[in-house]
Amino acid sequence: MTRRVAVIGGGSSGLVCIKCCLDEGLEPVCFESSDDIGGLWRFKENPEADRASIYHSVIINTSKEMMCFSDFPIPAHYPNFMHNSLIMDYFRIYADNFQLIKHIRFNTKVLQVKQRSDFSHSGQWDIETENQDGKKEKHVFDAVMVCIGHHCHPNMPLHDFPGIDTFKGKYFHSRDYKTPEEWRNKKAVVIGLGNSGGDLAVELSRFTKQVYLSTRRGAWVLNRVSNGGLPLDLAFNRVLHFQQKILPFNLVCSIAESQVNRRFNHALYNLKPNHRVFSQHPTVSDELPSRILSGTVQVKPNIRRFHGSSVEFDDGSVVEDVDLVVFATGYSFSFPFLASHVASASENKTSLYKYVFPPELDRPTLAIIGLVQPLGAIMPISEMQARWATRVFKGDAVSVKTQSTLFSSLSPFILKMVNHCVTMSPLKQATSSFPQ
């Protein structure tokens, strides 16, 4: 009998999960709470609650060569770094080519996913869903793939900003930002130097009177274009990866930081962070240094307090008559439909075996796909995770429990040798707090 797999979410990870299920002869049913595919990459003028949202100008930070799925290259005439509309076009032709849409139930929200009473034997799950008309249904599935991403719940740490309740201008999270035109000749403060913060500071600086970019700890800023004009991520080849494996971490960081500072010295721009370049996710921005040089973006430290329309920074400087504050302060993730003993998030962290499987389950029939923050494209990683998970569901790959039982039965000496030779990974933390 064909094993039924529930796929929760119809974004990039959800689509490739449907494809991998079909490749393995499984029967996928995808539940997507909106009316379309695409997840994060689907632009909408009005953000919807508990759903990812992007601004109109978003261009991906990874090249098409590195972000495409392995068996479906992005069309050659597409640019190397694609606008969000082209990414959506790619997802549509990918879904059409492999006939994925017919396996998706749109406008269907997953309310609850829980283990069946005989889970230790069957590994099955009870799932309750609700459609847009309020009709609830209950289903039984042999396995579940969670593909909800980590850009749904905006992090707004207002308690860290005294006086924000007195602010006379407008403030919102970067998730709610769409276009810059309405802020022409205004003063804006952008809080946070992740990718969104860098992008919005640059874009707003073309329209506003002045942009102030507030950052607590700075960031290493990379650009999309590498030596010779090639996409930067094409330079991260196997030779460099091998060097990172054999050379001391601090030496590798020093070499990379020297290269990054050759483009612009981060200390001179008040951007140099305390952390090493490979310790946290970098910021990608081609234009930020030139906007700082032109004075249209001024880098500021953390905000000390708000008072009316004034903003005071930790260095004692005060900016008057601020019209807009954008909190580019990241996101938090959670699994509201799962019991806490199955998978839970605390301080934006969760424990997953090899970043995929909750380790405490009796049967490895639930996989969380795409919950990673890589230096590079997430789509190929989601594909590899989906391939492995579907083969575990099918029984063609060694499961977590089987692997644990196998290795625990070995003598200590043999176990030590095996660990040394194959580098058996321990339980790892998936997706630590995202950069701000």
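## A sheet of three strands

Let's start with an open sheet of three strands, which follow the order E4-E5-E6 and pair in the antiparallel sense. Strand E4 (108-115) and strand E6 (136-141) lie at the edges, and each of them pairs on one side only. If you ignore direction, neighbouring strands of this sheet are turned by 25° against each other on average. Please keep in mind as you read on that this is a predicted model.

How many bridges join E4 to strand E5? There are seven, and E4 and E5 (residues 125-131) run antiparallel.

## A second sheet to compare

Now move further along the chain. Here three strands form an open sheet in the order E15-E16-E17, with antiparallel pairing. The edge strands are E15 (303-307) and E17 (318-319), each pairing on one side only.

Strand E16 covers residues 310-313, and two bridges link E16 to E17 in the antiparallel sense. Look for Val311 in your view of the structure: Val319 in E17 stands opposite Val311.

## The chain as a whole

The protein chain has eleven helices and 22 strands. Its C-alpha atoms fill a box of roughly 65 × 60 × 45 Å, taken along the principal axes.

Why can we say that the radius of gyration agrees with that of a compact globule? A compact globule with 436 residues would have a radius of gyration near 22 Å, and the protein chain has 23 Å, so the two agree.

## Helix H1 beside helix H3

Next come the helices. Two packed helices are described by the angle between their axes and the distance between the axes. Helix H1 (residues 12-23) packs against helix H3 (residues 84-97) at an angle of about 15°, and their axes are 11 Å apart. That angle is why H1 counts as roughly parallel to H3. Is the crossing of H1 and H3 left-handed or right-handed? The crossing is left-handed.

Which residues meet here? From H1 come Ser12, Leu15, Val16 and Lys19, while H3 brings Phe91, Tyr94 and Ala95. Sorted by class, the contact of H1 with H3 has five nonpolar residues, one polar and one charged.

## Helix H1 beside helix H9

H1 also packs with helix H9 (residues 379-394), at an angle of about 35° and with the axes 9 Å apart. In this case the crossing is right-handed.

On the H1 side, the contact is made by Ser12, Ser13, Val16, Cys17, Cys20 and Cys21. On the H9 side you will find Met379, Ser382, Glu383, Ala386, Arg387 and Thr390. Six residues of the contact of H1 with H9 are nonpolar, four are polar and two are charged.

Finally, here is a detail of the backbone. Most residues other than glycine have a negative phi. Which angle does Gln99 have? Gln99 is not a glycine, yet its phi is positive, at about 55°. You can find Gln99 in the loop between H3 and strand E3 (104-105).

Asn185 is not a glycine either, and its phi is positive, at about 65°. Where is Asn185 found? Look in the loop between strand E9 (170-173) and strand E10 (187-191).

Conventions:
Residues are numbered from 1 along each chain as its sequence is written. This is a predicted model: local features need pLDDT of at least 70, side-chain atom pairs count only at pLDDT 80 or more; totals for chains, interfaces and linings use all residues. Side-chain values use heavy atoms; hydrogens and water are left out. Axes are lines fitted to C-alpha atoms, for helices over the stretch in contact, and angles run from 0 to 180 degrees between N-to-C directions. Helices (H or I, at least four residues) and strands (E, at least two) are DSSP runs, numbered from the N terminus. Angles under 35 degrees count as roughly parallel, over 145 as roughly antiparallel, 65 to 115 as roughly perpendicular and the rest as oblique. A crossing is left-handed if the near helix is turned anticlockwise from the far one by less than a right angle, and right-handed if clockwise. Contact means heavy atoms within 4.5 Å. Ala, Val, Leu, Ile, Met, Phe, Trp, Tyr, Cys and Pro count as nonpolar, Asp, Glu, Lys and Arg as charged, and the others, Gly among them, as polar. Two strands pair if DSSP finds at least two bridges between them. The radius of gyration is taken over C-alpha atoms; the globule rule is 2.2 Å times the number of residues to the power 0.38.
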